[in-house]
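Trainee: I've got the model open on my screen. Can we walk through it together?

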Amino acid sequence: MPRIYDENPFLTEKLHIHPREHEHQAVYRGYFFGQFRLFYKKEPVGELMRRRNKARMLLKWFLLNPGKLGSADEFIDLFWPDISADTALCNFHVTIHYLRHMLEPALKSRQESTYIHRKPNNFYWFQMDEHWWTDVNDVQKLFERAREYDSRGDDKKAAFYYRKIASYCSAGFLPEDEAEEWLIPYRRRYDLIYSQVLMRLIQLYTQRDELEEVLEYAYQWLLIDPYSEIAIRAIVDAHLQQGNISIAQRRLDAFWRSLRDLGLHPGKEFHALRARILAANN
């Protein structure tokens, strides 16, 4: 049984705020799942971002690391590794200038940016305030909210927020930047969150005998992990319960072959599923 926590008035108030409200109120909205998008109010900041690839990459770093200090040398190593140090530093300063004015077109000469700040030792950081919303931050908040409802035993609300996370993650984290090595830790983080969410959704819907939902999230899991035993067991079991014996058998046989190709052997749970399929065929 999930642990039931004592009522926390502050937490309860936060839980009552619908997550869409934060997105709706934001002046700037950044989207990392699917193609990267940036909006100012209702207008996409599209053409400017397409013309400045390095500015787009630097903005992604800032939005993924709000409040974190990054040195000019670090940014040069990440985004201008193949040119001379002097040229790279010049390009970096031009890009910072461009970003500041792209985000705040009315910014005057020598006026300090509201969001991009610099320390005297050439360290920079991004100050994200209530005017900003990003889907990556939303995923983290939704995950915390889902687990809180889960811990209270409120499966319905927990599943609602887990589904929101799955909807984000199913689009993929910055698929256009698959080759960018600096994004690997972030990609792994959201893959892990996605896997945890899918596993919990499968468990919740299995408990409620909602087999179509079980299949939906189990098949999603296979897209990111074709060797997920939990997903395969859920799929085979759901098809068996629905009376789709031939589909259950095909899915189990295909997984059995994939394990054999890897030199692995199915666990006792899969032998039990095969026995159920044989019994259903007789």
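Mentor: Let's begin with a definition: a charge sits over a ring if NZ of Lys or CZ of Arg is within 6 Å of the ring centre and within 35 degrees of the ring normal. Keep in mind that this is a predicted model, where local features need pLDDT of at least 70, side-chain atom pairs count only at pLDDT 80 or more, and totals for chains, interfaces and linings use all residues. Residues are numbered from 1 along each chain as its sequence is written, and side-chain values use heavy atoms, with hydrogens and water left out.

Trainee: Which residue lies over the face of W256?

Mentor: Another charge over a ring is R29, with its charged end 4.7 Å from the centre of F39's ring. For W256, the distance to the ring centre is 4.0 Å, and the residue is R274.

Trainee: Why is the pair F79 and W182 called edge-to-face?

Mentor: Rings of Phe, Tyr and Trp (its six-membered ring) pair if their centres lie within 6.5 Å; planes under 30 degrees apart count as stacked, over 60 as edge-to-face and the rest as tilted. Here the centres are 5.6 Å apart, and the label is edge-to-face because the planes are at 85°.

Trainee: Are F79 and W182 buried or exposed?

Mentor: Buried means under 20% relative accessible area, exposed over 50%, partly exposed in between (1.4 Å probe, protein chains only). By that rule, both F79 and W182 are buried.

Trainee: How many aromatic pairs are there in the whole structure?

Mentor: F79 with W182 is an edge-to-face pair. The search of the whole structure gives a total of 28.
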